[in-house]
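Please look over the sequence and the model below before reading on.

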Amino acid sequence: MLTRREALLGTVTGAATAAILTAMSAVPANARPLPVDVSRLPREKVALVAPPFVHDHEQVATGGPKVVEFELTIKEQPMVIDDEGTTLQAMTYNGSIPAPMMVVHEGDYVELTLVNPETNEMPHNVDFHAATGALGGAKLTEVNPGEQATLRFKATRAGTFVYHCAPAGMIPWHVVSGMSGTIMVLPRDGLRDENGKRLKYDRIFYVGENDFYIPRDEKGGFRKYASLGEAYDDTLKVMRGLVPTHVVFNGKVGALTGDNALKANVGETVLIVHSQANRDTRPHLIGGHGDHVWEMGKFHNPPAKDLETWFVRGGSAAAALYTFRQPGIYAYVNHNLIEAAELGATAHIMVDGEWDNDLMAQVKAPAPITAY
């Protein structure tokens with residue numbers, strides 16, 4: 001059994017762990033030289049923005065491949081995750097749940113600097129599902145408190161991909177404590193429909209879904225802890241039950257509802273990127289559809305059309321394109337409606353514009369029943 005000390009120090013033992021560590025070994029000395037002189041490529045430094053928004057980017061690449069520089073700073077901090085003050089001892093990239101979305105184009109090089117301030121308790125790293133080799137770069141980015149590391153990988157596949165923390169012996173705990181994000185690798189000539197016709201979006205919304213496992217006290221209330229280490233043992237017991245206490249969008253119940261609702265206009269096309277690093281989910285836009293949906297998140301596969309609900313496999317991200325046709329409030333939910341209504345997996349999109357009676361009209365308002 002993994003002890004708290006082993007988890008905190010990352011010193012798990014055993015044949016399985018040894019195999020993992022071997023697979024995560026650093027780049028071998030006889031690695032092939034780079035076919036491209038990366039030092040000669042243009043470089044772009046990107047300032048990441050907090051979800052549900054995404055940094056400025058081109059939908060169609062101009063020019064050839066480049067090196068795109070990102071920086072993530074690990075922040076371990078308590079975060080309130082509902083209106084009742086329930087607190088998660090969170091581990092985050094850049095202080096947000098989910099972590100920021102990165103956008104590049106196929107053929108670009110992603111260069112990430114990961115910073116782990118000395119005030120943190122834990123070692124951390126990044127496993128990019130978009131990368132090739134070294135378990136997504138996890139071993140090459142493993143940093144203890146007070147360290148930083150820089151990883152470069154080539155974006156060889158177009159699509160939406162999860163990235164998450166993956167330190168040996170502690171992966172599930174770090175992921176369900178908030179350490180996951182999304183990278184989107186666009187085709188160089190942009191998105192296309194099933195017939196090759198170019199698609200574009202006016203807005204992009206980034207929804208990260210998380211399942212949290214908060215321990216309860218003997219009276220049924222949620223516990224609060226002073227540190228990650230203090231919370232670990234109790235949290236692990238709840239995690240092993242596989243029943244989340246919260247299932248939320250963007251780190252908190254209500255993070256994307258009410259005053260925090262997303263906004264769009266009739267006639268605008270919106271790309272919704274939805275990630276889930278741990279559990280399967282099934283997004284649904286109430287009152288709308290997925291005009292084009294890359295359910296598996298991979299842009300060289302033809303998109304499905306006119307979906308009512310789509311499926312996001314745990315450890316992946318999907319992309320859905322929709323042009324809003326009516327004004328009003330749209331609920332975007334996990335269509336396990338228990339998780340949406342009772343655990344928190346709901347967002348709202350407020351759409352402005354003129355109502356189209358041809359699409360929907362109330363023929364008769366509610367009134368007392370009359371005899372037939």
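In which loop is Leu 242 found? Leu 242 sits in the loop between α5 (228-240) and β13 (246-249). Helices (H or I, at least four residues) and strands (E, at least two) are DSSP runs, numbered from the N terminus. The model is predicted, and local features need pLDDT of at least 70, side-chain atom pairs count only at pLDDT 80 or more, and totals for chains, interfaces and linings use all residues. Residues are numbered from 1 along each chain as its sequence is written, and side-chain values use heavy atoms, with hydrogens and water left out.

Leu 242 is exposed, with a relative accessible area of 67%. Here buried means under 20% relative accessible area, exposed over 50%, and partly exposed in between (1.4 Å probe, protein chains only). The phi angle of Leu 242 is near 65°, a positive value in a residue other than glycine. Ala 134 is not a glycine either, and its phi is positive at about 50°. Ala 134 belongs to helix α3 (residues 134-137) and is partly exposed, at 22% relative accessible area.

The bond from Pro 51 to Pro 52 is cis, with omega near 10°, and Pro 52 is placed in the loop between β1 (43-45) and β2. Another cis peptide bond joins Ile 97 and Pro 98, where omega is about 0°. Pro 98 lies in the loop between β3 and β4 (101-105).

Strand β2 (residues 67-80) contains Ile 74. Pro 51 and Ile 74 are 23 residues apart in sequence and 16 Å apart in space, C-alpha to C-alpha. Is Ile 74 buried or exposed? With a relative accessible area of 1%, Ile 74 is buried. Contact means heavy atoms within 4.5 Å. Leaving aside neighbours within four places in sequence, Ile 74 is in contact with residues including Thr 92, Tyr 93, Leu 114, His 124 and Met 179.

Thr 87 is in strand β3 (residues 87-93). Thr 87 counts as buried because its relative accessibility is 18%. Its side chain reaches the backbone oxygen of Gly 85 at 3.1 Å. Not counting residues up to four places away in sequence, Thr 87 touches Pro 78, Met 79, Val 80, Ile 214, Arg 223 and Lys 224.

Now consider strand β12 (residues 203-212), which is mostly covered: nine of its 10 residues are buried. Two strands pair if DSSP finds at least two bridges between them. Seven bridges join β12 to strand β15 (residues 269-276), and these two strands run parallel. Within this pairing, Ile 204 stands opposite Leu 271 in β15. β12 also pairs with β13, in the antiparallel sense, over four bridges. There, Phe 212 stands opposite His 246 in β13. In a regular strand the side chains alternate between the two faces of the sheet.

The last stop is on the surface. Which residues form a nonpolar patch there? Trp 355, Leu 359 and Met 360 do, with about 330 Å² of accessible area together. Patches are made of residues with over 30% relative accessible area and no salt bridge; like charges are joined within 9 Å, and nonpolar side chains (Val, Leu, Ile, Met, Phe, Trp, Tyr) within 5 Å. A salt bridge is a side-chain nitrogen of Lys or Arg within 4 Å of a carboxyl oxygen of Asp or Glu. Accessible areas come from the Shrake-Rupley method with a 1.4 Å probe; for residues, only the protein chains shown count as cover. Met 360 lies in the segment after β21 (346-352) and is exposed, at 51% relative accessible area.

Methods:
Polar contact = N/O pair within 3.5 Å; in protein donor to acceptor, adjacent residues only side chain to side chain.
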